[in-house]
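This report concerns strand pairing, domain division and chain contacts. The structure is shown below.

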Amino acid sequence: MCGIVGLFLKNRSLEPRLGAMLTDMLVTMTDRGPDSAGIAIYGADDGRGKITLQSPDPDQDFAALDAELGRVLGCDVDMQVKDSHAVLGLPPERLSEARAKLAELRPGARVMSAGEAIEIYKEVGLPKDVAARFDLPGMSGSHGIGHTRMATESAVTTLGAHPFSTGADQCLVHNGSLSNHNSLRRQLARDGMTFETENDTEVAAAYLSNKLQNGSNLGEALEASLNDLDGFFTFVVGTKYGFGVVRDPIACKPAVMAETDQYVAFGSEYRALVNLPGIDTARVWEPEPATVYFWNH
Amino acid sequence: MQTFDLAARGLRDLNAKLHAHNSNQTAWEIDNPKGSHAIAVGLDAPLEVVVNGSTGYYCAGMNKQATVVVKGSAGPGVAENMMSGTVIVEGDASQYAGATGRGGLLVIKGNAASRCGISMKGIDIVVHGNIGHMSAFMAQSGNLVVLGDAGAALGDSLYEARLFVRGEVKSLGADCVEKEMRPEHIEILRDLLERAGADARPEDFRRYGSARTLYNFHVDNVSAY
């Protein structure tokens, strides 16, 4: 099982409603996976870099973190705390340096995402509870991806929840299970990719990040995944400007898409799409097996 | 005619009412299906049920006697294990439409996704559009009629179901072969096309069936095990 939702807006007028629409879609998918839930939102690029940090002890870890990080980096850092997550804003060229410093300053905290547009929030629990903790309905953005998990390949933990992000402004969610993730993880680790979990989906995310780092575009990276990943998958991926979908050649993990002149939407089931504006006249279809779909802003 | 607002009253109430069939109330309309699962499953009476919208998993599963019309698209497993009656989907159908069906007629006016008619055991399925890969896998009996094209591995490990395709077949599965169209097949097809409201000439179809080479174990293959 697992439930996936995704929304890529073509029309800027819907951007203030992105979080609300995506949350509604995700909550509808709760019974496909009640273990944990997560959402990646691509917000406005205001010229700042963003790191979303998660901590099991937010009071301790986030106390005065903006000032401390600003001091060691020697630049202006702002911070917005939302429950167990904090979004740190800083100059984009300092992102990788900031990540290294954060690992020293707050070893208990984990980076959920880093980039110029992406924020990832994920926790164990039902989608409605996770959405409320982070006020997801109040978020605006140009595109976003949500996932509700029924764990099969690794433990039910915050880090095992989706979306996974293994590169700047990149994220991936997965319905299915991969069977060659251990050998692929070893191979990618030799190429310098780092892993936080034993999860199969993180390997798929790192695989795509590795391809993108080596010059592939999103479409090419997804095409290559069809040859190199073994197992069941419906993936939805996000990049700073793009949104992509691919299913394995057997395609037993469900997927429905809808497109209007205002948006492209993805749901594991049609139920997730029924409250979208104009759905009755939208083009609704199931993505073909072993076929890459992607859209760019 | 009874109208039932699924969004307001819920699935269990709906199916309980349809199961507690009263001979004075045979016509039903269901509003606001919104992709819900298991709409009108397990019916066993000559009801006429119209669903005004698209359905989720397993709509009209295990149907006996009833006619169920979906005025939208259907999710996975529509009319799964149907015994008799008629199910008509006006839009597209998702994976494994009509799977394991033992009787009755399933008509899909749009396209059907993968595994349409998988393990069918006597049901007749007419798809006005195309069907996806691995359709009629291990199909045992009944007829699958496709006015459009068929995806890869059609009829893999087929038993005695008859497959009729008017368009292209991407590839045939193991032990599935093209067979000659004899007059009795033209007659079966003419009847099915007419009952499915399909505007097509039976002579334009090709028939596929089992080569029956997988029915018995060949000692030559023993080293493969």
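Which residues of strand β2 (residues 27–31) of chain B form the covered face, and which the uncovered one? The covered face consists of B:W28 and B:I30, while B:A27, B:E29 and B:D31 make up the uncovered face. Strands are DSSP runs of E with at least two residues, numbered from the N terminus.

The model is predicted: local features require pLDDT of at least 70 and side-chain atom pairs count only at pLDDT 80 or more, whereas totals for chains, interfaces and linings use all residues. Residues are numbered from 1 along each chain as its sequence is written, and chains are lettered from A and ligands numbered from 1 in the order in which they are written.

| Strands | Sense | Bridges |
|---|---|---|
| β1(B) (residues 2–5) and β2(B) | parallel | 4 bridges |
| β2(B) and β3(B) (residues 48–52) | parallel | 5 bridges |

Within β2(B), B:W28 stands opposite B:Q2, and B:E29 has B:V50 in β3(B) as its bridge partner.

In chain A, the domain assignment, which is automatic or from a database, gives domain 1 (3–44 + 124–296) and domain 2 (46–116). Their C-alpha centres lie 24 Å apart. The contact between these domains involves 13 residues of domain 1 and 12 residues of domain 2, contact being defined as C-beta atoms, placed from the backbone, within 7 Å.

Between the chains, 9 residues of chain A are in contact with 12 residues of chain B.

Terms used: A residue is buried if 20 or more other C-beta atoms lie within 10 Å of its own, exposed if 12 or fewer, and partly exposed in between; C-beta atoms are placed from the backbone. Two strands pair if DSSP finds at least two bridges between them. Two residues are in contact if their C-beta atoms, placed from the backbone, lie within 7 Å.
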